[in-house]
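Visitor: I am new to this structure and would like a close look at a single part of it. Could you pick one spot and walk me through its surroundings?

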Amino acid sequence: MTGARFSFSKFVFWLGITFLYLPMIILIIFSFNESRLVTVWGGFSGKWYVELFQDQQIMSAVLRSLELAFYASTAAVILGTMAAVVLVRFTRFRTRTLFSGMITAPLVMPDVIIGLSMLLLFVAMSQYLGWPQTRGMMTIWIAHTTLCMAYATVVITSRLTEMDRSLEEAALDLGASQLKAFMQITLPIIAPAVVSAWLLSFTISLDDVVIASFVTGPGATTLPIEVFSSVRLGVTPKINALATLIILTVSSVAVGSWFLTRRLNTRLSLQLAQK
Amino acid sequence: MKLASIKKRLPSGRHWILSGPYLWLLVFFFLPFVFVAKISVAEAALAIPPYSDMFDWLDGVLNIRLSFANYQWVLDDPLYLYAYWNSIRMAFWSTLLCLMLGFPMAYAIAKAPKSIQPVLLLLVLLPSWTSFLIRVYAWMGILKNNGLINGVLMWLGVIDDPIQMINTNFAVYIGIVYAYLPFMVLPLYANLVKHDQSLLEAASDLGAGKLTQLLRITLPLSINGIVAGSMLVFIPVVGEYVIPELLGGTQTIMIGKVLWQEFFNNRDWPVASALAMIMVIILIVPITLFHRFQNKEIKP
């Protein structure tokens, strides 16, 4: 099977990969540039990294965003697992269409609409219910949980659909309660998907600037908001250094977890085959 | 089915599982749109929050005030209409560009040996996990007037004056295709990898050329993936804010940017809500389409 078309699609593939990676590689190289100018190579230097770590404002935004992403992705995965069980196992209930629609819509809905609508909700809630009194980390957490939950549900749903249900049915036949069967049989089987859903949610929360800008409040400047406001003014070497650190951290975690879940998957299927 | 009867005997657990995510989405995803609709028919006011109340209770009479002036204002102003039209047009062309680049890429992955397919897919998806903002930012350094491309071209002596690339629609297209390409490749690959190869072999045995196979078998079979991937790009791009803000110029008028300015710069919440409502109405057909095709993909 070696025709002209195969080499064409292969060619486009590597072209696309080059297109995807080249800008990031350039960014990483220039973060080590001594000169402030992007085009002039002034020699290798790590001084922008030193400056970055001395920037208290950015460093506290990093910590704030990491904390936020942790709580948002944890809540998103819990709700997402429940939603996936509903979508896969509860095939018939009234307003199922509404439910599955509310899972799909956040995946594609433009951020400005989600951000605006969330903010209007919070404003109305504080008007009528007196809560939340101020906007800040709490409101961003709610908004991010809602957004990430949709992604988590899709990831977990695909795994749950593929899963062999006979194991769970056997456990139920042997007298296990629904909850026990789920916790001891189903959850370990879908665990790799739950882990990837958590990581995906984490990166989405860590990345969001538009929704957070709408629902944020005093003292809750997340890292993307901080980066966006300085990037709007132009390219700065300090942001290059920060970008490099983010790219390297996210890719190493992503590649690492990808290998891990893959190994987990093969081991799991081997174990199941032996049983 | 046995499981169904067991479930019926345990309604409490079932309802608990259902109501958690359901209530969350109703309150934090559905309800907000009710408020967007409500404030889109309010009047802007110098108050906190900056809009008039819909209900007011005066001398035992409940007055409900619905002002459609915001919609009239938006629909009468050619600038807003142009912003919608331009966003849809730019989203359309960038979706097409993503498809033209993404289809061969997905095809190449699906045709690769089974063992290396996951690695190739990871290679495509990895950039989409790193920060969106930073990937758009990377292009600023490359495209700006004293940026990398202009610097290299001037150093080589090809041009004397920098080419204006940043703050143009060209830069916005590059940014969109760059940021959204992985979202096109993923559903296409998921679809292409499931194709039955024996169909192609049969066609080949019957004398069909490669191009005929592609046009008559592969493309029609991958229609679900094409629609899902295209909608995954088209819908968010219509409301895109970050890319036109960072890479576009004053002539790049997109509705996401206009909405942002109405909200943050003019503090006109009712007009911003009306803009959002019209955007939702425009996008409801593509979103429904995406929903249907995505569900088809999930079901085996």
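Guide: Gladly! Chain B has a radius of gyration of 25 Å, whereas a compact globule of 300 residues would have one near 19 Å. Please keep in mind that this is a predicted model. The C-alpha trace of chain B spans about 85 × 80 × 35 Å along its principal axes. In chain B you will find 14 helices and 2 strands. Of the 300 residues in chain B, 43% are buried.

Is B:Asn169 buried, exposed or partly exposed? B:Asn169 counts as partly exposed because 17 other C-beta atoms lie within 10 Å, while a buried residue needs 20 or more and an exposed one has 12 or fewer.

Which residues does B:Asn169 touch, once its neighbours within four places in sequence are left aside? Its contacts are then B:Gly248 and B:Thr252.

Finally, step back to the neighbouring chain. Chain B brings 79 residues to its contact with chain A, and chain A brings 71. On the chain B side, helix H2 (residues 11–40) gives the most, with 17 residues. By class, that side of chain B has 60 nonpolar, 13 polar and 6 charged residues.

Terms used:
Residues numbered from 1 in each chain as written. Chains lettered and ligands numbered in written order. Predicted model: local features only at pLDDT ≥ 70, side-chain atom pairs only at ≥ 80, totals over all residues. Helix = DSSP H or I, 4+ residues; strand = E, 2+ residues; numbered from the N terminus. Rg over C-alpha atoms; globule rule 2.2 N^0.38 Å. Contact = placed C-beta atoms within 7 Å. Nonpolar A, V, L, I, M, F, W, Y, C, P; charged D, E, K, R; others polar.
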